[in-house]
Every structure is written in C-alpha cells, then in structure tokens.
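Work through the following exercises with the sequence and the model side by side. Try each task before you read its solution.

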Amino acid sequence: MSYRDRPITGVIDYTSGNSQSVVHALDALGVPNRLMTAPHELDSVDRVVLPGVGSAGTTMEYLTKAGWPEALRPRVVDNGMPFLGICVGLQILFESSAEQDATCLGWLPGTVRPFDRTQVRVPQIGWNQVRRVSDHPFLAGLPEDGEGYFYFVNSYYAVPEDLSDTGAVTEYGLPFPAAVARGNIMATQFHCEKSGPLGLDLLSRFAKLPQEELC
Amino acid sequence: MLTSGLTARLIACFDVIGGRVTKARRFEDNIDVGAAVEIAAAVYADGIDELIFYDILASAERRQADLHTIREVAQQVFVPFTVGGGIRSLQDMHAVLAAGAEKISVDSMAVRDPQIIAQGTAEFGTQCIVQSMQAKHVGKTPAIPSGYEVFIDGARVATGMDAVQWARRGEELGAGEIVVNSIDQDGTHAGYDLRITRMIADAVNVPVIASGGAGSTDHVAAAFREAGVSAAIISSLLYSPRMERTMSVPEVKADLAKQHGLTVRPCP
C-alpha cells in the first residue's frame, strides 16, 4: 500500500492507445494514478488498468515485446492484484482471438469472435444498453433494470467458456459479454472512461474497492 | 442493417478558431459563440453523447491542431471526443491522441493522400479514423454517378470525385465511421440532405453520421428513420446565434424519445 493508504492505480501506456483518456478520468475522480511505460513500474502500484484500442494481435505483440505478460501474470493471476481490462483489454484476457489469429493472455478460458457483417454494421460504435448478470462487487454499481448505457467500439466479442465469468451482457445482433469479472480480474468491453457519469462510477469502484472483497 | 440496441447517438460539433467556437453558414460569415472548453463542458454535463472539434483554420494555416484546447476539453469531458483539422501525418495524429482525443477526423488531407486513412488505421485501429466529407449536389454526370461531388478546403475546391465512391474507398482503406456533411444544407437549419446520406449509408457497412442542416428534432429523427444513420451531428440546434430558439441536449433527447419513439441515452 502506498502513501495515505490510498491504492495507486497504474495505467499501462500504449504508444498507440488511449491511455491518456483513462488517466484524465482517474485524475477527475481524484484517484492516485501513474502512467506506466515499463513492467518494472508495477512494483510501485497496487492496481493495474490495461486500456485497449486497436486490434488484439497488435496489442499482444506490443505487450509481449515490452515484457508485460510475464510481469503481470505472477502479480495478477497468482497474487490477486486488482486488474481492469478495457475494450481490447477485455478480449486479450481469453486464450485466443480470431482477430489476426492472436494468441492471447489466457487468464480466462474462452475465445474472441467477429460480429457478423451481414447482420450488423461493423464496428459497433455507440451507446448500448448493459444488463448486469453477476453479483461481483465491481458490477454492483450497474443498474439491474437494464437502463445503463455505455459507449462501445468493437468489431469482435468475447465468448467465455465459463459462463460465470460474464458479469454483464449487451445485444448487438446477438448477446455478448459487456463485462467480465472473476475475483480480482475485471474487464469491460465498453469504454468506461468515455461512458459519462455511469462509466466514471465503475472506474471509481475499481480503484477504491477493498482488495479483500475481490477474492 | 440492424444497429440493434444502440441508441440514436447525438454528436455536438464545434468549429473552433483559437480556442473559441464559431458558427458559419455554408462555410461563410462566421459568428463567435464562446469559449470552446466552457461550451464543451456544458454540453457534456447536459448529456451529449459525443463531441467533435474541427480546428477549421489549422489546415489553411498549415499548423498543428490546437493541442492546448484539446487537452483542456479531454480533462473534463468523459464521452468520445473527435478532433479534425491540421492533421497531415501520423505524428500529428499521435499528438492529438496523446492530448486526450479518441478519434481523428480526416477530410481534405485524405482526399489529397488517401493512404493517410490506411496508415492511421494500421497504427491506431479502424475505430480511430473518421472519414469526413463535404458533399455538394452537382447533378449526375459520368464521373459523378450519384450526382454529389466531394469538395475540400472549406468547401471551396471541387475534387471531381463522386461522394458515394469516395465513401466506399474510405471504408476499404479502413475508416471506421463516415461523416456526410452537406455543403448545400450546412448551417441553413433546413434539414440534412437525406438523399446523399441515405445513398452512403446503403453503400457502406461502417456507421454513417449525418451532418449539416439540422434545425429541428424532426430533421434529426428523419436522419435516423429515413437515412439509416448511426449518429447525427447537431450544432446550430444547440447554440447557433442565427437560430430563433436553440434547444438544450435534454430537450432534444426528450423530443426524439417522446415525439419520434427513438431510443436515446438518458441525460444525467
């Protein structure tokens, strides 16, 4: 734990990502945070956000080249460091993605598939309705009546093998996971940093939830 | 084409000069509206779904977009934020994104060098590059089968390119969204040009955004219902000094929901 006992949230910096948007949101929430360009900086943070834009293949290539997967795994998977993936940051939690045939982190069992271009406009861009389906504490702030709208930008969607990993669902031609949550591993397919006050609430919950509630 | 579940997305668009919002009619006679950062924060608080800033002189003055204003907006607006104007290279795109924008709008530059779209999407993803076009009704010719031609440089320079063909080409190059702005309707408050908007929405699979001419919620509803757009740009309706009565974001959304049965994101 860090100064004044407030956890520091580290944001993984992509040279080509929107990490800055996440930092702006955390700043506005008064959450102590640090933009991290190298894995050794994980030593000085308590939680980690993996923002994501772009494609699964390119993201994995960047992360692997910089040494992130082997630095994150012992902390997040083995030692319970709270982790939040956003957008592509959700998709690469699974074993593989059809996007560029990418091998992904494999922290959660499942795959990632493309939306059907004959059925819907791709990418999905816009505000879609999110319905909570899990009692994971991260998602406790989501309305259960299905009136929560969040901003999505995605051409692919996750297909978790373990249904209990799905935290919230949305429809775009078919139902798909809007959020996943298993213990300390949380992720949103939508951009919580760009989803207005409801999105900021979720980011704030992630940054402030007591770690013992995330087991 | 289904856009199942998605709300009718409303985008506030601002032409910005030196940190101040300005309003033109058919690309002329600009009137100063107010400080860009303040107006952006106000429409965000009111529940707008997205923002676009065009730094309208950056291109002509061959300088980079106003990064200071972009950063200040990004620090207080937590909905998607697109920036256009003055973007000539990947380096310019990096700078605008690092300041906190999500998307880059390319217009005249992309007509001169279409590969900028492909380079941008390769670097930042298809969702990051918005192809924006200024279309004008010129009548059908063999070179312009749709009857609509693309203009650039503040709608002053004709390109000889067909608007529908240019949209298809933009999608092929990787543009994630296409803004269709009607030069004839721009700032007139007489409604979008539904004909060209519909033609382009039918021709491409990526989301299409209606722009230019909305003066009432009837016009906005027609873009979603009749032209098949995913989003609509409103600017005059919200703040034009030429409108007899402007509307707030909650008023626009309430009208779209109650009078027109469209699903909108509730205002905070």
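**Exercise 1. Decide whether B:Arg168 is buried, partly exposed or exposed, and find its contacts.**

Begin with the count around the residue: B:Arg168 has 15 other C-beta atoms within 10 Å, and is therefore partly exposed, because a residue is buried if 20 or more other C-beta atoms lie within 10 Å of its own, exposed if 12 or fewer, and partly exposed in between, with C-beta atoms placed from the backbone. This is a predicted model, in which local features need pLDDT of at least 70 and side-chain atom pairs count only at pLDDT 80 or more, while totals for chains, interfaces and linings use all residues. Residues are numbered from 1 along each chain as its sequence is written, and chains are lettered from A and ligands numbered from 1 in the order in which they are written.

Once neighbours within four places in sequence are left aside, B:Arg168 is in contact with B:Ala203 and B:Val204, contact meaning that the C-beta atoms, placed from the backbone, lie within 7 Å.

**Exercise 2. Describe the surroundings of helix H7 of chain B, and how H7(B) packs with H8(B).**

First list the buried residues of H7 (residues 194–203), which include B:Leu194, B:Ile196 and B:Met199. The buried residues of H7(B) pack against several elements of chain B, among them helix H6 (163–173), strand S10 (177–182) and helix H8 (217–226).

Then take the helix pair: H7(B) and H8(B) pack at an angle of about 30°, with their axes 10 Å apart. That makes H7(B) roughly parallel to H8(B), since angles under 35 degrees count as roughly parallel, over 145 as roughly antiparallel, 65 to 115 as roughly perpendicular and the rest as oblique. On the side of H7(B) the contact is made by B:Leu194, B:Thr197 and B:Arg198, and on the side of H8(B) by B:Ala222, B:Ala223 and B:Glu226.

**Exercise 3. State how many helices and strands chain B has, and what share of its residues count as buried.**

Chain B has 10 helices and 12 strands. Of its 268 residues, 56% count as buried, and the C-alpha atoms of chain B fill a box of roughly 45 × 40 × 40 Å, taken along the principal axes.

Conventions: Helices (H or I, at least four residues) and strands (E, at least two) are DSSP runs, numbered from the N terminus. Two residues are in contact if their C-beta atoms, placed from the backbone, lie within 7 Å. Axes are lines fitted to C-alpha atoms, for helices over the stretch in contact, and angles run from 0 to 180 degrees between N-to-C directions.
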